[in-house]
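Trainee: Could we go through this structure together? I would like to learn where the terms come from.

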Amino acid sequence: MDPLQTKQQISSYIIDSQEEDIKRIALELHEGVGQNLYSILTGLQFVNSAIKEPQIKGYLQEMTLLIEKTIRETRTLSVELHPPVLTTLGLIPALRSYLKLYTSTFGILVDLDSAGMEKIIPERNSIAVFRVCQEALVNAAKYADTSNVKMTVHWTEDELMIRIQDFGKGLNLKELRFPKPTSGLAAMKERMLLIGGQCMISSKIGEGTLIEISLPL
Amino acid sequence: MTDIRELPAVMEVCERLKAKIRCDFVGLAFQNEAGPDVRWHYAAGNMNDKYKRIIVRFGKGIAGKVISSGCPLMMTNFPHDIHGKMTDYPIALAEKLVSVYAVPLFLPTVPKGVLLIGNRASYLFTGEEQETVNDAAKALEQLLTGEGF
């Protein structure tokens, strides 16, 4: 077999295994740990209703609040790891949900515009597209020095196209190639190639960076 | 929660602190009344309004860490001297802060807020400067407790 093809298959296998693990942990947190904590919470609320001593009641109240906080943390962590919406409702609802979290984390406003009818795509592909969008947005938060990002998702009969444009300081891509490739950007391209798509990155100093993702459907 | 912008005395303490230390940024964050999340309510020397939209989870970010631990936090060369990922420090990313000193605000007895000063260059805040921030935090605690925070 062609060594390049073998290398791609190995990369694909590693990424798929990692995604499987991430999904398993996210599900375990949500369905296992989260549900158990919820049972403890209802148990505590029941015990609280039967207790008369104000001191113990106050202590139980604190415990209840702590459990509630832990349930919220567990849910957020689970969604951050693997958005369940991606498998149940599709890419656009998952992106909308992530963008809400993104804006409240980094303070960056994202204008999402979706055109065309959303198609059902294999989970492996939707995860890859979602992760590439995530990487592009996180890069904008880290390096672009911007307050606004414009995201356009366009579905046609045979292709999905996504454009993510920050209006930040931009970067010199030629300089980044030497002495070492920027791993985040290279990984985005590689990830799209592995599912038969493409990721184009263009940037201009002072004008921002544009990420264009395309995936044949 | 009362809007900090309606409390000129609080803003005055922050502005005076900024002028005295000659730092680039001063910010005030508070834990939400409902829920454990933390938000930035006031900033001086800010480059944009991202701080208004940032919501830090309890225990996360600079403000979340300071409130949950009740201890001051100093960074001298962000992102090179941090624990975890640089995305765990959204206010530093949003305001391009490289050095930071943040102290908790006890309202009235438990940490509920954060006073943060920052520079956009690597810097080690001196003991005297830290003391000035601590004094400003005490003045803010008195003002804010009086306002029912």
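Mentor: Gladly! Chain B and chain A bury about 1,600 Å² between them, with 52% of that on carbon and sulfur atoms. This is a predicted model, where local features need pLDDT of at least 70, side-chain atom pairs count only at pLDDT 80 or more, and totals for chains, interfaces and linings use all residues. Residues are numbered from 1 along each chain as its sequence is written, chains are lettered from A and ligands numbered from 1 in the order in which they are written, and side-chain values use heavy atoms, leaving out hydrogens and water.

Trainee: What makes area count as buried?

Mentor: Buried area is the accessible area (1.4 Å probe) that two parts lose on being put together, summed over both. In chain B, K50(B), R53(B) and R57(B) lose the most area to chain A, together 38% of what that side buries.

Trainee: How many residues does the contact take from each chain?

Mentor: Chain B gives 17 residues and chain A gives 19 residues. Contact means heavy atoms within 4.5 Å.

Trainee: Why is α1(A) called roughly antiparallel to α2(A)?

Mentor: Helix α1 (residues 3–50) and helix α2 (residues 54–81) of chain A pack at an angle of about 165°, their axes 9 Å apart. Angles under 35 degrees count as roughly parallel, over 145 as roughly antiparallel, 65 to 115 as roughly perpendicular and the rest as oblique. The angle therefore makes α1(A) roughly antiparallel to α2(A). Axes are lines fitted to C-alpha atoms, for helices over the stretch in contact, and angles run from 0 to 180 degrees between N-to-C directions. Helices (H or I, at least four residues) and strands (E, at least two) are DSSP runs, numbered from the N terminus.

Trainee: How do you know that β4(A) and β5 of chain A pair?

Mentor: Two strands pair if DSSP finds at least two bridges between them. Here 7 bridges join β4(A) to β5 (residues 208–216) of chain A, and the two run antiparallel. S202(A), for instance, stands opposite L210(A) in β5(A).

Trainee: And what order do the 5 strands of the open sheet take?

Mentor: The order is β1-β2-β3-β5-β4 in chain A, with mixed pairing. β1 (109–115) and β4 (198–204) of chain A are at the edges, each with a single partner strand, so one side of each has no neighbour in the sheet.

Trainee: What about the peptide bond from F78(B) to P79(B)?

Mentor: That bond is cis, with omega near 5°. P79(B) lies in the loop between β4 (73–75) and α4 (90–95) of chain B.
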